[in-house]
Amino acid sequence: MILFELRCGNDHHFEGWFRDNAAYEAQVAAAAVSCPVCGATDVAKAIMAPRLNRATGEALDLAAAAGAMRKVMGEIRKKVEESCDYVGENFAEEARKIHYGETEARAIYGEASPEQARELKEEGVEFHPVPWPATEN
Ligand SMILES: [Zn+2]
């Protein structure tokens with residue numbers, strides 16, 4: 001028996017068990033499979049949503065997971081770009097000035113080397129590393 005995720009012409013999603021793919025094809029061709037919501041018999045296999053549950057032993061869709069992660073990182077990037085001043089490689093210097101009240105307090109973003117990040121942390125300057133996807137993605 002195979003479980004297929006199906007959808008009808010009205011975009012209702014439901015599942016159906018079939019002996020095999022041929023049985024599925026035959027039953028659909030004979031209009032023997034109908035949507036439990038609206039009764040439509042124009043059903044087709046739905047695109048399976050990527051499953052990320054390792055416990056069930058389902059295949060992990062890495063490409064889809066990576067795509068979803070890039071999307072989230074892209075949203076973070078957009079939010080930061082909209083609400084913060086870009087200071088580029090002067091990030092460590094600017095963050096320090098703000099921390100010590102030598103310049104106007106504001107949200108900034110930019111690049112810092114691991115070394116600079118460590119120094120800022122030691123000085124108690126508040127900052128958060130952000131994963132930064134390339135814009136073209
Ligand atoms: Zn339906």
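This report covers the fold, the zinc site, the strand pairing and the salt bridges of a predicted model.

## Overall fold

The protein has four helices and five strands. Read from the N terminus, the order is β-β-α-β-α-β-α-β-α. The chain counts 137 residues, and 23% of them are buried.

The accessible surface is about 9700 Å². Carbon and sulfur atoms account for 53% of that surface. Take the contacts between residues at least 6 apart in sequence: 39% of these join residues at least 24 apart.

## Zinc site

Four protein residues donate to the zinc ion: Cys 8 through SG, His 12 through ND1, and Cys 35 and Cys 38 through SG. The site is tetrahedral, with angles of 103 to 116° among its four donor atoms.

The donor spacing in sequence reads C-x3-H-x22-C-x2-C. Cys 8 is buried, at 1% relative accessible area. His 12 is partly exposed, at 23%.

## Strands around β1

Strand β1 covers residues 2–8. Its partner β2 covers residues 13–18. The two run antiparallel and are joined by six bridges. Within this pair, Phe 4 stands opposite Gly 16 of β2. Four residues separate the strands of the hairpin, where Asp 11 takes a positive phi near 65°.

β1 also pairs with β3, residues 43–45. This pairing is antiparallel too, over three bridges. Here Cys 8 faces Val 43 of β3.

Glu 5 is another residue of β1. Its relative accessible area is 17%, under the 20% limit, so Glu 5 counts as buried. Glu 5 and Ala 44 are 39 residues apart in sequence. In space their C-alpha atoms are 8.6 Å apart.

Side chains of opposite charge can pair when their charged atoms come close. The model holds 12 salt bridges. One of them links Arg 77 and Glu 81, with the closest N and O atoms 2.7 Å apart.

Both residues belong to helix α2, residues 62–83. They are four residues apart, which means a separation of about one helical turn. Arg 77 is buried, with a relative accessible area of 15%. Glu 81 is partly exposed, at 34%.

Glu 94 has salt bridges to Lys 97 and to Arg 106. The bridge to Lys 97 spans 3.6 Å, N to O. Both of these residues lie in helix α3, residues 91–99, and are three residues apart, about one turn of the helix. Lys 97 is partly exposed, at 27% relative accessibility. Glu 94 is buried, at 13%.

The bridge from Glu 94 to Arg 106 spans 3.2 Å, N to O. Glu 94 sits in α3, while Arg 106 sits in the loop between α3 and β5 (108–110), so this pair ties together parts that are 12 residues apart in sequence. Arg 106 is partly exposed, with a relative accessible area of 26%. Shared partners extend the picture: salt bridges join Asp 85, Glu 93, Glu 94, Lys 97 and Arg 106 into one network.

Technical notes:
Residues numbered from 1 in each chain as written. Predicted model: local features only at pLDDT ≥ 70, side-chain atom pairs only at ≥ 80, totals over all residues. Heavy atoms only, no water. Buried < 20%, exposed > 50% of the residue type's maximum accessible area, 1.4 Å probe, protein only. Contact = heavy atoms within 4.5 Å. Areas by Shrake-Rupley, 256 points an atom, 1.4 Å probe, with all protein chains shown as cover. Donors = N, O, S within 2.8 Å, 3.2 Å for Na, K, Ca; no water. Tetrahedral: all angles 85-135°; square planar, octahedral: opposite > 155°, others 65-115°. Pairing = 2+ DSSP bridges. Salt bridge = Lys/Arg side-chain N within 4 Å of Asp/Glu carboxyl O.
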